[in-house]
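Keep the 3D view open as you read.

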Amino acid sequence: MMDPGTVALAVAIGEARRRLQTVAGDCAGLEASLLLGRVSGLNRAAQLASPELPLTASVLNAFRHLVDQRDLGNPIAHLLGEREFWGLTLEVTPAVLIPRPETELLVETALRTLPRDASVDILELGTGSGAIAVALAVERPAWRIIATDVSTPALAVSRRNIDRHGADNVTLRQGDWFAAAGDERFDAVVSNPPYIAARDPHLRRGDLRFEPEEALAAGQDGLAALRQIVAAAPAHLKPGGWLILEHGYDQQPAVGGLLHDAGFNEVGCLSDLAGQPRCTIARFGEATA
């Protein structure tokens, strides 16, 4: 018989689901299960198989603390310490942007555009968690990838993600945008830079409140980082090299204009799964034979 002072797993999950309904909506039950798994080591299958399992006081207290934090709006990725991206489980901390599904389009575009088995040189600017670099490295072991970030804490997270997935073809460098690239030239430059306007009210809502603002906001119109990258990219691309950028859903005309003004050609835009223009690709000069 269960000790009257203990709480069954299913009861604890139900209590948490009700508390998380406002912040998580239809995902409240899933999030409750994930948070319990974080402190108990029990995955969802184990939880479903043992609904009457009594939780120890330490597990229950730790679980309730996480539920409290989530109820306050803290991102589920921060509480779990990880987020899935491109089928890879990546460490996430408040020092980096939380990888989002729409950014997978950037990875997909690079994989489709560049030679699969050739010795391709890639520069990723503002790597954060390392999500893009690690995804590309795992998919294309022959590629050589340099990933940069100005943030020391972010580079520590990306290093752990690189090691976690054995992405030995990724080299990390610290510096602001192209500063860490020296005079090297690349077959492609890829980036998911900050592109939200500094006064956009979305920065004070949802998960964005808990993420580093320097990885989100870029000037009064959100285009400051994109302008800087487009202007400097030609000096770091091989002839016929590609620039692949993520941007806001309403920024494609502006980004396209910047690319044309900088001498890029073959400018194209791809939409994310929500049908929003999300990724622009352009080529600089003609590829050499």
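Lys238 is partly exposed, with a relative accessible area of 26%; that label covers values between buried (under 20%) and exposed (over 50%), using a 1.4 Å probe and protein chains only. This is a predicted model, where local features need pLDDT of at least 70, side-chain atom pairs count only at pLDDT 80 or more, and totals for chains, interfaces and linings use all residues. Residues are numbered from 1 along each chain as its sequence is written, and side-chain values use heavy atoms, leaving out hydrogens and water.

Lys238 meets Asp121 in a salt bridge, 2.9 Å from N to O; the term means a side-chain nitrogen of Lys or Arg within 4 Å of a carboxyl oxygen of Asp or Glu. Asp121 counts as buried, at 14% relative accessibility. Arg144 also forms a salt bridge with Asp121, with the closest N and O atoms 2.8 Å apart. Arg144 itself is partly exposed, at 43%.

Another pair to find is Arg173 and Glu184, whose side chains meet at 2.6 Å, N to O. Both are partly exposed: Arg173 has a relative accessible area of 25%, and Glu184 has 29%.

Now look inside. The largest nonpolar core has 31 residues, with Leu136, Trp143 and Ile145 among those with the most contacts inside it. Such a core is a set of buried Ala, Val, Leu, Ile, Met, Phe, Trp, Tyr and Cys residues joined through side-chain atoms within 4.5 Å. In soluble globular proteins, nonpolar side chains tend to be buried together.
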